[in-house]
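Subject: Structure handover

Hello,

Please find the structure below, with the sequence alongside. My notes on it come after.

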Amino acid sequence: MMKKLFVPVLLLIPVMIASGQNTTFKSRTKYPSGTRKPGFEFVTVNPDGISKSGTSGKSATAPSLERLLLKGGLQQVDKVIRSNGKPVYIERKTNPSKSDPDSSPAEKLSRFLEETRMISGTINPKEQFAVSQINEDRNGITHLKTIQRYRGIDIYGSEATFHLSAQKERFMGLFHNIENEINTVPIISSSSAITTVNSDLRLKTVVRELTANEKKLLKYQSPETRLVIYNTEGNAYSLAWEITFRPNVVEVWKYFIDAETGSIIHSFNATRAYEYFLQTHGLNSINGNGGNIISFINVAEDDGSSMENAFWNGQAVFYGNGGGYFKPLAGALDVTAHELGHGVVSNTANLEYYGQPGAINETYADIFGSMVDRDDWLIGEDITRTTFSPSGALRNMADPHNMGREGDHYWQPKHVSEMYLGKEDNAGVHINNGIGIHAYYLYATAVSKDKAEQVFFHALVHYLTKTSRFIDFRIAVIQSTSDLFGEGSSETTEAAKAFDAVGIYEEEVVQKNQDYEVNPGTEFLLFCNTDPNYSTTLALYNGSQASSLSETAMKNNPSVTDNGAEAVFVSADSKIRYISLNPIEPEQIISDQEYWDNVAISKDGNRLAAISTQVDTSIYVYDFTSRKWAKFRLYNPTTSHFNTDAGGVLYADAIEFDITGEYLIYDACNILSSNVTEDIYYWDIGIINVWDKTGRKFGDGSIFKLYGSLPENVSIGNPTFSQNSSAIIAFDYIDGNSGEYAILGTNLNTGETDVITENSTLGLPSFSK
Ligand SMILES: [Zn+2]
């Protein structure tokens, strides 16, 4: 619902100034700065963003279309890999002119996140991302581990990695863009959450008080709690207590309790136990009376019988003495290495023992096992009796089917198409492990065991995180091959082949942008008429007949909401007018102050952006919900420091919201002052953050420029977003020296720019749908 904006009219004598010499591109008359007052309340964003004269210096480059195309945009990236539509990998070239050599790795991360946020969708990345670890590898690549936070609270499983080399900057991990408001003060206390866990565990296993000795051995006093933001499903997030609970000396459980409702969101057995028997035997807890437990060897079952198992419980390795199925388990080199391998994983990527990360954890344990016991691809062949499996091995990396059929307890999938999707076995950690070990086998067979173990270990230490999935596993291994053997090496090609062979692909490859659905409904054409012989200035054509909407003289084309129901425009008397198109209602004046040159409405109709009639270096944004104005100061970000002012902006002209309503694209007239020659005027294009969806407040006013600098006498303007992708824009290009005109298209995600058409005049491009 549109509300009328009451703004008192101030009468001032207009003094017109020319907008500059580049009048072939645009001519707009403006009142000088400070000669007119808006007469309404507004908050000022970027108050320091204003500057009188250009300091960025004159470009010495000879102007030409090719030169402009080569310059690339701020958003330029070389590769984006998405999974389920979300970016999981972003890569771009390390640009020495862009990156201050003195800036720290953390500052470089910050700049990277800021400059790629149109891809990741993050707002205020500086506040959201914290660096938890930095280390440099032997090849001089700096690896950072990051964690994402919401109002200072860790988002569970948001660990990601950032990698800096002289050539590339790479970010790996999911971005959590939280849209719902989350109360960060828990309603449920941690002790009440522990009580919930305690009663739930009693239904599942033996819960007993640990002895003082056991506590000392396990370095555990009581359940560990911390507050996290937990991604419950899809885009829903809740405040939760993460609780690590040891019900007995063997098991470790992980629970997530909703801190608002007290309900159990998720729980799993985090003990890396019962490796071999899970499918054939029910879970057993260990003898509650202690017995041999403290020695951590000769571990017995509840009934005192020999335990046919070995496991790592987070603190130490436990071995049973075997029985009908196994010989004493400590006797097998690969089983020992497997269990110790879990220890290595705990101290590196710390892959969560559930689902895909859990299966990768198991894969690494088997890789350690097979590398220590290197003469074959079997696991546990020295301790497994044929009563357990016909092959006489627990698992076979060369053929995970292990002479069995799907459902047999010794059978494993060797391709994603055979993947187990159920909840048993911590969602298949020992089952889907088959896919990873087979990929490793294929790779090691192709490039040698020596190389394969180096590559996979590098991936574990530097690239994988707690919640890495199969796609991340693939990316991590491939990145590691480039780190160790160089990009495009045969080691890289073979890694890609190995993952392809097990069905782990780059699901949506490279530089494919998110497209939006085409709007449903009837198509109408909105006509603007500038012929003074007709009284109708705006008409709606439904395919057979046109109905007149307005006879008001307009300064600009109207801006229409995404559903086509509402439009706004600035009339010749500089007021903002509103028209309801569906149903058609008489137009109304919503800002009756004669203060405006242009206006745009957001796609959802919730906000307006407007440009005043004077040179005030600002864009005004009105939010219909809060009924507030904000004034955003325009500035030219420099390339050496982030978001600082290079001066030179005079005023904006064309404005348009992107589909999210968070960003405005605009063109602006700039001045380069010179004490040698005449001042130079040029137009360029910027994107400004005007709305923060998460915080439901005005944006921080930060600005990206489509091009860091333009060649002399080159201007670009009249930008417009594609109707179904925020990443594609089109704009006019003019080269004042050669007289070339063109409409260019740019993909903001990749920085790719191309000529759409070459013109002899300005195109004023617009996307039809
Ligand atoms: Zn294991």
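Predicted model: local features only at pLDDT ≥ 70, side-chain atom pairs only at ≥ 80, totals over all residues.

The whole chain

The protein chain contains 13 helices and 37 strands. It has 769 residues, of which 56% count as buried. If you take contacts between residues at least 6 apart in sequence, 56% of them join residues at least 24 apart.

Helices α11 and α12

Two packed helices are described by the angle between their axes and the distance between the axes. For helix α11 (residues 449–462) and helix α12 (residues 470–485), the angle is about 115° and the axes are 8 Å apart. Their crossing is right-handed. On the α11 side the contact is made by K451, Q454, V455, F456, H458 and A459. On the α12 side the residues are F473, A476, V477, S480, T481, D483, L484 and F485. Sorted by class, this contact has 8 nonpolar, 4 polar and 2 charged residues.

The largest nonpolar core

In soluble globular proteins, nonpolar side chains tend to be buried together. Here the largest nonpolar core has 48 residues, and Y364, Y440 and F456 touch the most other members. F456 is also one of the α11 residues in the contact with α12. The elements that each supply at least two residues of this core are β3 (86–93), α7 (333–346), α8 (355–372), α10 (433–447), α11, α12 and α13 (490–501). The most comes from α10, which gives 8 residues.

Residue S618

S618 lies in strand β26, which covers residues 618–623. Is S618 buried or exposed? S618 counts as buried because its relative accessibility is 1%, and the cut-off for buried is under 20%. Leaving aside neighbours within four places in sequence, S618 is in contact with I611, K631, F632, R633 and L634. S618 and V45 are 573 residues apart in sequence, yet their C-alpha atoms are 9.6 Å apart in space.

Helix α2

Helix α2 (residues 105–115) is mostly covered, with 8 of its 11 residues buried. The buried residues of α2 include the charged K108, R111, E114 and E115. Also buried in α2 are L109, S110, F112 and L113.

Regards

Conventions:
Residues numbered from 1 in each chain as written. Heavy atoms only, no water. Axes fitted to C-alpha atoms, helices over the stretch in contact; angles between N-to-C directions. Helix = DSSP H or I, 4+ residues; strand = E, 2+ residues; numbered from the N terminus. Left-handed = near helix turned anticlockwise from the far one by under 90°. Contact = heavy atoms within 4.5 Å. Buried < 20%, exposed > 50% of the residue type's maximum accessible area, 1.4 Å probe, protein only. Core = buried A, V, L, I, M, F, W, Y, C linked by side-chain atoms within 4.5 Å.
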